[in-house]
Amino acid sequence: MKTNKAAWVEVSGDALAYNLETVRSRLKQGTRLCAVIKGNAYGHGLTGVKKLLSERKLADMTAVGKSSEMLRILRKTEDDGCDVLLLGMAEEKEVEALLKRAGDRSSRAVFSIYNLRQFRGLNALGKKLKRKIRVHIRVDIWNSGMGLGFDEFRKREDELFQAEGIAICGLYGHLYSGYYEENKEETRRELQEFDELVKGIHPDHRSQLIVHVLNSSLVFSFPEYSYDMVRVGTAMYGLTCGDGGILKPVMKLCGRIFDVREIKADTPLSYQHADGAVGTRKIARIMIGYCDCPMLLTQKDVRIRIHDRVFPLADEICMDNLCIDVTGCEEVKVGDTAVLLGEPGVLDVEILDRNNMEYVHSDWLTMTAERLEKEYV
């Protein structure tokens, strides 16, 4: 892609579609897909990714992490008929303000219930507003506060479904053990316990529910537990998630080289002095820095791909200054595109390996600042 920008992100709609269809092909027919777009769509751009999902009809629901994200989706994007699920916690006053500001689109809003106190507060709000507030109940195998404990849900099931101001339309769990390969048996045991809970729900209640427990870390290992829906975050963006390398990166992080020159090796380039260095170096510069993609550009070993070759940094990264050591390469010139993420040599799995990071942190690499413009391809 030709661009005059100093630095930018390319987001591929084709790769996004391929990844979601790849996940869908692993599941039983009719399983719904919930596209997780929290955290500014993992750095890919909240409203931009939502637009791609809507235009191509790629998901049956979207999920966000904060009420502010939900409000942006409801007010800044077109209504595609898909509900928006808030995975995070929202108290009564926050929900009331959101419903008011969302106007007619508030009917698409679905909230998560974490505990009985919150449930009762939202029930009172629903009665006050003379409407049924739609919710998914989050359940927690450990009874740790990240949802209703299994026993508590069983004990309170009738009370929950008889509430006047709330419509329970879903139930879900989140298994943190699924992020680590060595925990497969523990994860299977937790899934079996979740399954026992689901099977014990009264049939009249179960018929109202969208049940979901699988996220990206589990869909390739335990597709038999797909239930009514799965939540797809890292897998949708082509990030490492136990997929065996079959997914495609959606994000390409790029910068335009604005200067190339040979300098004395001891010439300062950024924060550090190169005292004692001898000889000459060829340095290429791009206008990007740790403010644009902090987790990627603060790793110990940062590499940059130019003309199918991968080069090291020449010095420490600044807020808006990245220097690349291209010594010995005659092809690099002003105007060339340098790729920091999303092509061979700078794929997320390679960056994780070079920096001894767990794959569970692959989404950190894609976190980008709002000022880094997104181009949706």
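Partly exposed covers the range between buried, which is under 20% relative accessible area, and exposed, which is over 50% (1.4 Å probe, protein chains only).

The side chain of D79 forms a salt bridge with that of R108, at 3.1 Å from N to O. A salt bridge here is a side-chain nitrogen of Lys or Arg within 4 Å of a carboxyl oxygen of Asp or Glu. The two residues are 29 apart and link distant parts of the chain: D79 sits in the loop between helix 4 and strand 4, and R108 in the loop between helix 5 (92-102) and strand 5 (109-113). Helices (H or I, at least four residues) and strands (E, at least two) are DSSP runs numbered from the N terminus. R108 is partly exposed, with a relative accessible area of 22%.

## How the model is read

Residues are numbered from 1 along each chain as its sequence is written, and side-chain values use heavy atoms, with hydrogens and water left out. Because the model is predicted, local features need pLDDT of at least 70 and side-chain atom pairs count only at pLDDT 80 or more, while totals for chains, interfaces and linings use all residues.

## Other salt bridges

The structure holds 27 salt bridges. One of them joins the side chains of K50 and D80 at 2.9 Å, N to O. This pair also links distant parts of the chain, 30 residues apart, with K50 in helix 3 (residues 46-56) and D80 in the loop between helix 4 (67-76) and strand 4 (83-86). K50 is buried, with a relative accessible area of 2%, whereas D80 is partly exposed at 29%.

A salt bridge also joins the side chains of K51 and E55, at 3.9 Å from N to O. Both residues lie in helix 3, four residues apart, or about one turn of the helix. K51 and E55 are both exposed. Elsewhere, K252, R305, D308 and E343 are linked in a network of salt bridges.

## R120 and its contacts

R120 lies in helix 6 (residues 116-129) and is partly exposed, with a relative accessible area of 42%. Leaving aside residues up to four places away in sequence, R120 touches R156 and E159; contact means heavy atoms within 4.5 Å.

The side chains of R120 and E159 are joined by a polar contact of 3.1 Å. A polar contact is a pair of N or O atoms within 3.5 Å; within protein, one must be able to donate a hydrogen and the other to accept it, and residues adjacent in sequence count only if both atoms are side-chain atoms. The C-alpha atoms of R120 and M70, 50 residues apart along the chain, are separated by 22 Å.
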